[in-house]
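Please look over the sequence and the model before reading on.

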Amino acid sequence: MPSSAVRTFDDPNDYAASIRGSKTELTALSRGKFTGKIIRVDFNHLWMQRASENMPRILHSANSDNRAIISFATQPGPGLIRSGVEVRSDRLARIGKDHSYFQRSSNALSWAGMSLPVDVMYSAGVAIAGCDLTPPSQDLIVAPGEAAMAKLQRLHAAAGDLAEHAPEIIANTEAARGLEQALMHAMVDCISQQDRSPDTSAQRRHEKIMRRFHRAISEHEEEAIYIPDLCAIVGVPERTLRLCCHESFGMGPKRYLMLRRMDLARRALRNADRAKTTVTEIAANLGFWNFGRFSLEYKALYGESPSATLRSPDA
Amino acid sequence: MPGSTASVFSERDFYHAALQQDAGIELVVTSQGEFRAELIRLELLQMHLVTGLERLARIAYVVPSADLVRITLPTRGNGSLFWAGAALRPDEIVSHTASLGIYERTDGPCHWRTISLPIAHLLRYGRAMIGRAFGLPSGAHRWRPTSKALQRLSHLYDDATRMSRTQPLVLTRTEATRGLEQQLTDALIECMRASRTGEDATIGSRPIDVMDRFEGILRDYPHRAPAISDICTALGIPARTLRAYCKMHLGMGPHQYLHLRQMHLARRALRITNPATTRILDVANQYGFSAHGRFSSDYRKQFGERPSDTKRRAIR
């Protein structure tokens, strides 16, 4: 039964949790209020989403479903930087089976995703283009023909519009089936191109390091982590880690880790029972020993003091 | 157990005793006047930070604890610290491990700062952060970090010390302490990584070796000091060489140093003696002072009180 949903978010973590198909985490990079929007349409086999965010961010993505996934920008302009490589807005990414990467944007971004069960993708590839479109093991960037890409963008946008303004059409099985077929066809046309940029060994090494980096961080999900321990766990010198992080995040590991700790603090402050704890206690538990410094940084990032966050009722 | 203590001392002996917690330290206070020193000690998980604020000049013979490396940061304020005869420059830090004892002296009021941590801890993180090539020279070594790296370490240190005064409870919490310790480790390793080595970076020259043995000889004589000629024979150097080395490391000749040292030993004895049964004359003799009148007046000049006053206030 086809269905659709439209949702807006003011919390980056809720937004990330709603992104379909993978376990994602997001670090917002700007001051001010975060706004995100996700339009999701689920057909019989094809799942699609259209998402937008109002500020630059770092997203970590891990493919956990057994689906063939593609991703592309919906507007021209600066694209995403995936594992240090810029994905132009006229390209699309075929997400790899072992896919796990960091991607960052440098400003507000709108992007799109589509996925099919692997076996359906395979049969569609064979039927429409005569090729095997089983997901690659590593991500592949594809440069589709202009016409093919334009058609996909148009159809994808149309589906999004329907979800927002006429969801009853999507719920109508026949109309939905027609749209789903058209989308699948357009997708296969785009990705069955032979033109693709191969992964260089430097890129592979980079991704290996960042994969380990992310694993280390997720093993310490609720606690603070620092460069010396991180270097020991990931097994690369600080200099190498710094280069990789700059490529992936546009910032060094220290700042990234600090932002992450800040984010943990903010979440803790929002979830805390004001009667039972203090800002100092929460901050100290996350390794912030210099309370004055913590307050200043927190205010600069979130536009309010830590005590204001603690005081305000849970959203 | 992480935490901090701040202590103020008006007695040389108590200060001397407190310093032993950090490293084996033999202390001779060289200038006269009212003794006053403050010690701030910050105990983290693996590391500890010790800051000293001293009013009077002194000579300290330092041997770090066995598994630890002791790092000395530039002094704060105007006081100078002389390490193995050479002044510690404001752009350098010194690392010191137990294989060697070093004379460290000041020539007036001084605000010094040290970090001590297990050698294994430093090596582990140094290798993780820099690579297998990272090593810690044993003995004493001067490092010249980039000014950015040193500033970072210095500010972090001062912030931590300030926090221990303004928010002492924060640094009893394991997570907060761990955060600070990781940051300090990072900053310290960065200082070592980006170090420009000078010609005499590893302090392992002959005078240091000789002076280490010099102190060793003195320790073999807990009461009367050995004769200078005997010391020279044991060290295998002529008297003028010993004099030169002493001037360099101690800021004074061997006779003057021995005299001061013996005075300090005598004072320590008087401090723990039984006033009812002890005669100052005997204590003076025991430590090699035969001219009693001279001893009393020297004592008074050095310590600001008469031997009898010390005896009367003896702790039992």
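## Terms and model

A salt bridge here is a side-chain nitrogen of Lys or Arg within 4 Å of a carboxyl oxygen of Asp or Glu. The model is a predicted one, in which local features need pLDDT of at least 70 and side-chain atom pairs count only at pLDDT 80 or more, while totals for chains, interfaces and linings use all residues. Residues are numbered from 1 along each chain as its sequence is written, chains are lettered from A and ligands numbered from 1 in the order in which they are written, and side-chain values use heavy atoms, with hydrogens and water left out.

## Salt bridges in chain B

Over all chains, the structure holds 41 salt bridges. Side chains of opposite charge can pair when their charged atoms come close. One of the pairs is B:Asp309 with B:Arg306, at 3.5 Å from N to O. B:Asp309 is buried at 16% relative accessibility, and B:Arg306 is partly exposed at 41%; buried means under 20% relative accessible area, exposed over 50%, and partly exposed in between (1.4 Å probe, protein chains only).

B:Asp309 also meets B:Arg312 in a salt bridge, at 3.1 Å from N to O. B:Arg312 is exposed, with a relative accessible area of 57%. Both B:Arg312 and B:Asp309 belong to helix α11 of chain B and are three residues apart, about one turn of the helix. Helices (H or I, at least four residues) and strands (E, at least two) are DSSP runs, numbered from the N terminus.

B:Glu305 and B:Arg267 form a salt bridge whose closest N and O atoms are 3.0 Å apart. The pair links distant parts of the chain, 38 residues apart: B:Glu305 is in the loop between α10 (292-303) and α11 (307-312), and B:Arg267 is in helix α8 (residues 254-271). B:Glu305 is buried, at 13% relative accessible area, and B:Arg267 is buried too, at 3%.

Both residues belong to a network of salt bridges that includes B:Glu11, B:Asp13, B:Glu26 and B:Arg313. B:Asp13 is also one of the buried residues of α1(B), along with B:Arg12, B:Tyr15, B:His16, B:Ala18 and B:Leu19. That helix spans residues 12-19 and is mostly covered, with six of its eight residues buried.

## Where the chains meet

Between the chains, 24 residues of chain B are in contact (heavy atoms within 4.5 Å) with 20 residues of chain A. About 2000 Å² is buried between them, and carbon and sulfur atoms give 56% of this area. Buried area is the accessible area (1.4 Å probe) that two parts lose on being put together, summed over both. On the chain B side, B:Met129, B:Arg173 and B:Gln182 lose the most area to chain A, together 25% of what that side buries.

Two salt bridges are counted between chain B and chain A. B:Asp186 and A:Lys254 meet in a salt bridge at 3.4 Å, N to O.
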